[in-house]
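This briefing is for a reader who is new to the structure. Please look through the sequence and the model first, then read the points below.

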Amino acid sequence: MDSKLDADVIVVGGGPTGLMLAGELRLGGASVIVAEALEQPTGQSRALGFTTRALETFDQRGLVPRFGALETSAMGHFGGVPFDYTVLEDANFGARGIPQSQTEAVLERWAGELGADIRRGHTFQALEQDEDGVTVTVSLPDGARRRLRAPYVVGADGARSPVRKAAGIGFPGTAGTQLMYLADVSGSGVRLRPLGERLPLGLVQVFPMPDGVARIILSAYDTTLADHSETPGFDEVAAIWQRVTGEDISGGRALWVSSFTDATRQADRYRQGRVLLAGDAAHIHLPAGGQGMSTGVQDAANLGWKLAATVRGTAPEGLLDTYHDERHPVGARLLSNTRAQGMALFGGDESQALRDLYAELIALEEVRRHLAGAVSHLDIRYDMGAGAHPLAGRRLPPRPLSTGGGPVRTPDLLHPALGVLLDLADAPALRSAAAGWKDRVTTVTAAPDSPDDFGGATALLVRPDGYIAWAGDDPDTLTTALHHWFGTPDPA
Ligand SMILES: Cc1cc2nc3c(=O)[nH]c(=O)nc-3n(C[C@H](O)[C@H](O)[C@H](O)COP(=O)(O)OP(=O)(O)OC[C@H]3O[C@@H](n4cnc5c(N)ncnc54)[C@H](O)[C@@H]3O)c2cc1C
């Protein structure tokens, strides 16, 4: 690294997205500074879980045991209409009951162990890009300013993203129209309603949290954004709760009170020169189905290996641009599914026809499978070009394998965040085609436990983010895919 550079990458924002990205960059061999404004974590519970695919993404890095006992929920909903997400193979309504503060603590520790330089009390102020890099100005708690330089900067600095604004990236979309109150309360005796309950005056949800705490979410049909105080007090929430449900929760102890809206926006570009965006900095929406943090974590897994290969100089031409090309459509789809849910969730009689229609459609198995795929994020398929194998672009599903060294699960193969050539038919010609990339692609010869796993494919080339780049039995097309995703082979 050039001695004038402070790191290969500066990540602004040490929330779940920035911390996941920091770990991914370290696994990819890039040095990283995380500049986080807060001197201490907020401790806020916010997100209470992850989608199936986000959980698989953590599994791919061996992080799942760090969360302790995790439970996934089969029953979920779409726009308030309940259904069983296990209708789709491997899908569920996600892991629940894990406060975001815990997720952040797990990721901060992991990224730190991998060597990420996490600098708290570093508030991003400005950036200047030139041909070779980006200089970032941060302010410190004592008011001092410091300049940091790196070839790339990633704004993982949340919905208001000062990095996005400084880079001049637009954030088009729709302003919030609906308001929801939130309170995490202990000792209120409130009854759980994880799938929500529609009452004549409003919509309520109550989720379980650790230590007997309940997460209350509440929207009164007649509360408009004009009545909205951005930081409501618990007495305000308790009064609306009483009006809507008739229940008195004012004797409970509020641990966190907040409010949110259905504002829905997406960055028009995820890359502007040497500045990239990820997580809430790139997309905001109604938190229906608990998908926001989960999408940020997956943005990080998509970007990390590509950006690390770029700064290491091994990336093929155009690799970094595939981050926008792949993740922007995923973000757009997320905005669309949460908007569609919001339209059914909110409102009184005027939106009843839409709810009735959703209920009729969700009675159809094909529709349930479709919606489970969208909200679990298992249906993501990146574009691998015309004529690609049906598995190409899809995730590598978690499956048991037998290898010469004993049984393994597919996610275990991805722990080092390298590419994997999964040789399922002991094919020496394929192994030898991949030999030139052995610093970037591990070759594993294995037998699936079930012949139906992996659609009977002879071999799979899997990217570090767990997506299948190629499937087949032809060494020539494998070689093309290796060049395309991993660059030129090592001449040695
Ligand atoms: C009520 C609610 C429930 C939710 N439930 C779920 C759920 O169950 N599952 C789910 O997946 N998602 C959920 N979400 C969404 C989730 O909370 C967000 O998507 C997630 O926090 C985004 O993570 P992030 O790291 O991208 O951004 P953030 O968490 O916003 O982190 C950004 C970081 O950048 C820092 N920062 C900001 N400005 C600067 C600056 N100038 N300099 C340096 N640092 C800066 C901030 O301090 C912060 O630490 C929920 C959201 C809400 C409101």
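A residue is called buried when its relative accessible area is under 20%, exposed when that area is over 50%, and partly exposed in between (1.4 Å probe, protein chains only). This is a predicted model, in which local features need pLDDT of at least 70 and side-chain atom pairs count only at pLDDT 80 or more, while totals for chains, interfaces and linings use all residues. Residues are numbered from 1 along each chain as its sequence is written, and side-chain values use heavy atoms, with hydrogens and water left out.

**A residue in strand 9**

- T137 is part of strand 9, which covers residues 134-139; helices (H or I, at least four residues) and strands (E, at least two) are DSSP runs, numbered from the N terminus.
- T137 counts as buried because its relative accessibility is 11%.
- Leaving aside residues up to four places away in sequence, T137 touches T123, F124, Q125, A126, R145, R146 and R147, where contact means heavy atoms within 4.5 Å.

**Salt bridges**

- The whole structure has 30 salt bridges, each being a side-chain nitrogen of Lys or Arg within 4 Å of a carboxyl oxygen of Asp or Glu.
- One of them joins the side chains of D59 and R409, at 2.6 Å from N to O. D59 is in helix 2 (residues 52-60) and R409 in strand 23 (residues 406-409), so this pair ties together parts that are 350 residues apart in sequence.
- Within that pair, D59 is buried at 16% relative accessible area, whereas R409 is partly exposed at 35%.
- R463 and E326 form another salt bridge, with their closest N and O atoms 2.9 Å apart. The two residues are 137 residues apart and link distant parts of the chain: R463 is in the loop between strand 26 (459-462) and strand 27 (468-472), and E326 is in helix 7 (residues 321-345).
- R463 is buried, with a relative accessible area of 0%, and E326 is buried as well, at 7%.
- R191 and E197 also meet through their side chains in a salt bridge, at 3.3 Å from N to O. R191 is partly exposed at 45% relative accessible area, and E197 is partly exposed at 24%.
- A network of salt bridges links R53, E56, E89, D90, R395, R399 and D453.

**Helices 7 and 8**

- The axes of helix 7 and helix 8 come within 8 Å and cross at roughly 120 degrees. Axes are lines fitted to C-alpha atoms, for helices over the stretch in contact, and angles run from 0 to 180 degrees between N-to-C directions.
- Helix 7 and helix 8 are therefore oblique to each other; angles under 35 degrees count as roughly parallel, over 145 as roughly antiparallel, 65 to 115 as roughly perpendicular, and the rest as oblique.
- Helix 7 contributes A340, M343, A344 and L345 to the contact, and helix 8 contributes L354, R355 and Y358.

- L357, in helix 8 (residues 352-362), is partly exposed at 41% relative accessibility.
- L357, L361 and L364 make a nonpolar surface patch of about 250 Å². Patches consist of residues with over 30% relative accessible area and no salt bridge, with like charges joined within 9 Å and nonpolar side chains (Val, Leu, Ile, Met, Phe, Trp, Tyr) within 5 Å. Accessible areas come from the Shrake-Rupley method with a 1.4 Å probe, and for residues only the protein chains shown count as cover.
- A363 sits in the loop between helix 8 and helix 9 (365-376) and counts as exposed, at 55% relative accessibility.
- From C-alpha to C-alpha, A363 is 47 Å from A166, and the two are 197 residues apart in sequence.
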